[in-house]
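The following account leads through the structure shown below, from its ligand surroundings to its aromatic contacts and its chain interface.

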Amino acid sequence: MIGKDNHQNGWLTGQTKSITFIVTKDCQLACKYCYLVGKNSKERMSGEVAKQAIDYIIAHESDFLEESVVWDFIGGEPFLEINLIDQICDYIKIELFKHNHHWFNSFRFVFTTNGINYNSDKVQSFIKKHKSHLNITITIDGTRRKHDLNRIWKTKEMEKGIMPKPEEERGSYDDVVKNIPLYLSQFPNASAKVTISSADISYISESVLHLYSLGIHEVNINCVFEDVWNEGDDLRFEEQLTELADAIIDGGYYKDYACSFFTEHMGKPLDCKLQNQNWCGAGRMLAVDAAGNFYPCTRFAQYSLREKKAWIIGNIHDGIDQNKLRPFLTLDRCTQSNQECIECEVAEGCAWCQGENYDAADTPTVYQRATAICKMHKARVRANNYYWNKLFRKLELEGIAKEEAEKHVKKSNPEIC
Amino acid sequence: MLQYLIILLDDTSYSYCHYSDIKTERRLIGLDTLKRGILFAMKENLNIQFVYPDYELPEAYREVIDSIDHTDIKPSAVSDGADVVVVNGCRSLEQMTVDIGVSYVLRTDKSDLFANYRLIMEVLTQATRVNVVLTDVETFTDDDFAGYKRVLGELSENVEKLYVGGKTPQLNILTDRMMLDRMNNCGAGDNNLTLAPNGKFYVCPAFYMENETNDVGDLDSGLHVKNKQLYKLDHAPLCRICDAWQCKRCVWLNRKTTLEVNTPGHEQCVAAHLERNASRELLSNIRKCATFLPEREEIKEITYLDPFEIKEQW
Ligand code: SF4
Ligand code: SF4
């Protein structure tokens with residue numbers, strides 16, 4: 001069969017659709033910062049629901065014009081459902097081929113996992129089978145003490161709402177780190193994803209360096225968007241990032257290792273006409289859950305929301321209600337921002353999550369930007385300025401001009417979600 | 001800026017707009033609540049529009065209502081002294097005595113309108129203004145839009161004859177756009193709010209009918225419209241670039257169809273653009289026969305029926 005030419009059929013060149021299957025809401029861990037407030041071990045996706053979702057998507061090719069697709073599997077912990085995922089991936093491949101779909105040969109399967117059963121036979125044979133189309137990110141938060149602060153094993157009591165005493169908590173660091181060498185041998189360019197909440201601030205620098213020492217060259221790191229920050233967190237954060245900047249520059253890590261906290265494009269004012277695009281991709285993505293409901297992103301499913309009702313845009317039987325996507329597809333930066341954000345001198349790079357905006361808003365809207373992250377962004381900008389000023393000076397003293405600096409610094413591909 | 005207060009005198013006050021009359025049990029506003037509502041409007045400098053049920057109010061109410069300049073919106077059964085008379089379905093126009101100086105609101109759905117739209121023409125020969133409200137516009141399919149376009153075309157031919165003959169009745173869906181030079185939408189939540197019989201404020205009567213907990217304040221604690229910027233045109237990304245200026249831009253329908261008050265659904269936009277385009281034709285046809293609204297520019301020809309289709313070009 002001859003594949004379709006992606007450049008001649010009106011496909012959106014260079015764009016990628018992200019389609020997420022929430023295969024299970026269960027997980028072995030009970031991470032303290034986990035936004036999945038409604039996690040439970042009951043809701044698992046059935047093969048039938050997954051098939052119907054795929055059938056719908058493939059049958060509506062003209063509604064999915066992006067040039068390529070990422071089939072994303074999340075949980076809970078997706079690898080708890082490895083048999084189902086294997087079936088889904090096979091089905092996707094066969095159906096794309098059967099329909100001569102423009103995504104055939106232009107797709108990837110993407111996983112974010114806690115890494116605990118990474119070395120199991122089932123997961124390993126899955127990896128071998130689909131390797132050329134796979135991206136896997138293992139979540140490891142850094143040093144043992146940083147990782148174990150949040151990423152603890154779930155207990156039976158927790159399901160009944162009884163939390164363990166701090167001395168009874170069991171961290172998951174060892175269970176994950178043992179799989180890192182295997183993981184890196186299979187995905188040498190893998191990156192780590194780290195989430196920072198108030199209690200983690202003091203461990204940022206050591207954690208990033210620790211991940212580098214494990215052989216991970218790219219660390220994508222974000223502050224949570226939720227309103228969790230305490231008095232003085234911004235200053236402690238700035239201090240940590242400055243310490244990290246010194247370590248990366250003095251140790252010469254910047255050549256081969258990247259940390260998404262430091263980026264040249266950040267901390268400038270933004271224009272409401274020329275730089276008005278939305279940050280978050282909700283609405284351009286699609287998520288489907290065990291009940292067969294579609295969402296603009298997983299953060300709009302009920303299990304991710306604290307305060308608001310799920311934002312359902314359709315289901316596998318009736319299809320997608322395009323009207324329910326319009327607010328996302330017309331959303332811009334300034335319409336959802338307050339005056340302070342619009343006038344902010346360091347607005348560039350200040351991120352938001354549409355789901356958290358919705359959850360935290362005074363009314364059920366995605367048009368009210370949550371600003372809990374404001375002081376953390378400002379602290380990051382100060383540390384980032386310090387990083388680049390110091391690095392450019394160092395390179396300059398080594399005879400490398402600012403314009404040439406790019407070639408000597410490894411760049412990160414920051415992801416925010 | 002808030003300019004109008006709509007006061008629902010009873011839970012069974014007739015709908016004059018997109019929402020349905022879902023409350024069937026009478027609940028007359030308390031006399032004290034009514035007085036306080038009027039006092040509130042006076043102090044906030046708001047024009048009051050009273051919406052009536054289909055039974056006569058007690059004398060004491062009439063006295064209180066008459067204590068302030070106002071507009072009366074009444075069902076045809078009790079239309080004495082009304083400024084606006086509401087009728088449901090084109091067939092109700094048949095038996096109606098038309099009063100010059102009164103505006104008529106015709107609430108109709110697609111099946112009624114497509115079958116009986118000619119009755120509107122008869123009323124227009126006598127009335128000063130008829131407002132057509134489509135009560136099921138959110139259910140329109142492509143076939144329905146084709147039907148609506150046809151109806152607008154036929155109504156337009158008749159309106160054109162009246163105008164050329166020197167009569168200038170207003171039919172919102174055809175003549176408003178040609179008279180306007182900027183957006184003129186419903187304005188609920190922005191320039192008007194509603195006081196319900198329970199003493200609470202709502203964005204519009206539809207929000208009250210749908211759920212009494214939708215309130216945005218009450219007479220005791222005042223107004224607290226959260227995210228009130230979202231009711232304003234400059235916070236509506238689609239509408240602010242649109243020139244279907246006669247569109248109601250119904251924030252209640254917006255929320256119903258897209259879950260956001262500032263974002264219209266496809267159907268509302270297409271219906272409004274069919275009206276806009278019919279208005280464009282009408283203006284140009286009248287001008288072929290006579291000088292008409294010389295200060296107004298031509299309405300531009302456009303290629304889309306839903307501004308969402310051209311969002312990449314903004
Ligand atoms: S928002 Fe305005 S147009 Fe819509 S139902 Fe209410 S009053 Fe009518
Ligand atoms: S036609 Fe659509 S975009 Fe234009 S004002 Fe009406 S609702 Fe808004």
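Which residues are around ligand 2? Met183(B), Leu238(B), Cys239(B), Cys242(B), Ala244(B), Cys247(B), Arg249(B), Pro264(B), Cys269(B), Ala272(B), His273(B) and Pro307(B) are, a residue being near if one of its heavy atoms lies within 4 Å. This is a predicted model, in which local features need pLDDT of at least 70 and side-chain atom pairs pLDDT 80 or more, while totals for chains, interfaces and linings use all residues. Residues are numbered from 1 along each chain as its sequence is written, chains are lettered from A and ligands numbered from 1 in the order written, and side-chain values use heavy atoms, without hydrogens and water.

The shell of ligand 2 comprises ten nonpolar residues, one polar and one charged; Ala, Val, Leu, Ile, Met, Phe, Trp, Tyr, Cys and Pro count as nonpolar, Asp, Glu, Lys and Arg as charged, and the others, Gly among them, as polar. Around ligand 1, the division is eight nonpolar, one polar and one charged, and the residues there include Cys17(B), His18(B), Lys248(B) and Trp252(B).

In chain A, ring pairs (centres of Phe, Tyr or six-membered Trp rings within 6.5 Å) join residues including Phe21(A), Trp71(A), Trp103(A) and Phe126(A) into a cluster. In chain B, the charged end of Arg26(B) sits over the ring of Tyr55(B), 3.8 Å from its centre; this requires NZ of Lys or CZ of Arg within 6 Å of the ring centre and within 35 degrees of the ring normal.

Finally, the chain contact (heavy atoms within 4.5 Å) takes 24 residues from chain B and 17 residues from chain A.

Methods. Phe/Tyr/Trp six-rings, centres within 6.5 Å; stacked < 30°, edge-to-face > 60°.
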